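Have the sequence and the model open beside you.

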Amino acid sequence: MIQITLPDGAVREYESGVTALDVARSISEGLARKVLAAEVNGDVWDAFRPIETDSHLKLLTWDDKGGKSTFWHSSAHLMAEALQSIFPDTKFAIGPPVENGFYYDIDLGDAKLTEADLAQIEAKMKELAKTGSVYSRKSVPKAEAIAYFTDKQDPYKVELLEGLQDGQITFYTQGDFTDLCRGPHIPSTAPIKAIKLTNIAGAYWRGDEKNKMLTRIYGITFPKQQELDEYLHLLEEAKKRDHRKLGKELGLFTFSEKVGAGLPMWLPKGAMLRERLQRFLQEKQLEIGYLPVVTPHIGHKDLYVTSGHWDKYGKDSFRPITTPHEGEEFLLKPMNCPHHCEIYKSSPRSYKDLPLRLAEFGTVYRYEQSGELHGLTRVRGFTQDDAHLFCRPEQVKEEFKKVIELVIFVLNTLDFGEFTAQISLRDQNDRSKYIGSEQNWEIAEQAIIEAAGEMNLKTVTEYGEAAFYGPKLDFMVKDALGRSWQLGTIQVDYNLPERFELEYIDSDNSRKRPVMIHRAPFGSVERFVAVLLEHCAGKLPLWLVPDQVAILPVSEKYEAYARQVADQLRKSEVRPFIDDRNEKIGKKIREAELNKFPYMLVVGEKEADSGTVSVRKQGGTDEGVKTIVDFAAEVKTLVTTQMQGKPANISSGTEAA
Ligand SMILES: [Zn+2]
Ligand SMILES: [Zn+2]
């Protein structure tokens, strides 16, 4: 008999060789039908694989990340089976699950796949799935495995096998298809009910451009048709909201191959938007006791040797910059923390000086492979809304609470009403990989849990997700399409104060180490703007939008009056834009709508004579005729309300003042 410990702590006895499916069945048949895989002592396993020793067991369903990825990985095998039956000469390379779905890289010889082929493969997959073939696992000696794929004339599998050690080779078979695979897989093809092959791309074998270009087929599958329909709808919506597309349309930022991939350049409207975001946070931070600092974009290599970054990330970073004569080496700054540690050290600190909160919108540079770059979300140069809080160990909780409050304020002001936070703590079993004293970790972990609790934050706790240098709290926002994004982060750090030998003199005159907290409510300005744009589909909150008001003269005759209106609005801190093209007023209104101006002011003879404007809100509501003063006051009130951190309505143009 063996003991199986379930996630709720319950311990059940089974005969050795019991499977996760058996365990599920012993609980309920309904549960067993939903089980896709299982986590056995932390590793994801086939639900049908015998368990032979006392184990911790978690049953995985579609609602678990591990369940989904097993489902998608199994779907990749199903697609391969379909391909093999339609194109018997196909050679198979690799077919892993990805964040949304799966792919398989295949070699079709000279054949080229078309959209019509995808439909045919999809149909075949559905037909095969219906048979409900089981996925079976078999360990085979390496020589036998190589013989199998040599016989099948599949050079890619043979090459993969040659790189493996004997004794760890497993085959998985469903229907007529056998694959070299570590697994795990779902019990059978039956739950794969809805299938969509989404894309064909090229991919080099083993990601190396010296190798052959293979065909990559992407797909996604679901247990229910409705889930697939919803996913495809979301995909369409996401395309419309792509921040790269919106950034171009709204004139916010651009990229140039000459400047370099992954290095965004902010156009005037985007630069002003950034400045507004920056000023918003800076003012709030000044109010709550942060002190601004400015540090250079490069730092001596020794700085990063001391911080440990050079050892850990050096080989994957931009190469050092050398000086012509003295042989010095500098690095592009990959993070601001080491600079801030040196600022801390620039003067003796007493317990009375703490917490010391140093804040900087610091631009950092990190090397990313060119294939990984994506709009503003994956870049090589970005600006963090960084701050480092140096405090006494007993101040950690209070500081955490203040940062949580700030993050909530920021997210509310930007209309991210729905967010959760993940508390990342140490691995419960293995504590050898963490630096810092047991006592300090206890204090910090407890402080985070309590701070989050006292701030009524919705949290999930993940063990083993802490950084090696300290526990952390990450904020996840849900955007308008229900997608999750990780934005702000708060991290405790015992490592850098140690490495930089930071100290303060305590009340009893003894020397102590401060605790360091890294925090960034936006994460990075680039990423934040990207997420915000996609969240609000380009309809930025009124306080943030580059041009709040489009002034539309009905003809050339009223341009002078339009300029007068604009001047007056600017004096009242309202940001106007004049459309003085020789176009019909109807067209100007339509385009102002498309360009997402929150307000449109139509000015003609009547308005010019009476010193008024005709106000339209985005979305077409007519607000009637108002004096310029009244209109400006209305906009200002709305902006002030929004900036007080009250949940703002995204398309503020449709919300009355
Ligand atoms: Zn597999
Ligand atoms: Zn930092």
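Here are some questions about a strand and a metal site, with their answers.

This is a predicted model, in which local features need pLDDT of at least 70, side-chain atom pairs count only at pLDDT 80 or more, and totals for chains, interfaces and linings use all residues. Residues are numbered from 1 along each chain as its sequence is written, chains are lettered from A and ligands numbered from 1 in the order in which they are written, and side-chain values use heavy atoms, leaving out hydrogens and water.

Q: What makes strand β8 largely enclosed by the rest of the structure?
A: Buried means under 20% relative accessible area (exposed is over 50%, partly exposed in between; 1.4 Å probe, protein chains only). In β8 (residues 101-107), 7 of the 7 residues are buried, so the strand is largely enclosed. Strands here are DSSP runs of E with at least two residues, numbered from the N terminus.

Q: How do you know that β8 and strand β13 pair?
A: Pairing asks for at least two DSSP bridges between two strands. β8 and β13 (residues 213-222) are joined by 5 bridges and run antiparallel; Tyr103 has Tyr218 as its bridge partner in β13.

Q: Which residues donate to the zinc ion (ligand 1)?
A: Donors are N, O and S atoms within 2.8 Å of the metal (3.2 Å for Na, K and Ca); water is not among the atoms, so sites may look incomplete. His73 (NE2), His77 (NE2), Cys181 (SG) and His185 (NE2) coordinate the zinc ion at 2.0 to 2.5 Å.

Q: Why is the arrangement around the zinc ion (ligand 1) called tetrahedral?
A: Four donors count as tetrahedral if all angles lie between 85 and 135 degrees. The 4 donor atoms here subtend angles of 90 to 133°, so the arrangement is tetrahedral.

Note on methods:
Helices (H or I, at least four residues) and strands (E, at least two) are DSSP runs, numbered from the N terminus. Four donors count as tetrahedral if all angles lie between 85 and 135 degrees; four count as square planar and six as octahedral if opposite donors are over 155 degrees apart and all others between 65 and 115; anything else is irregular.
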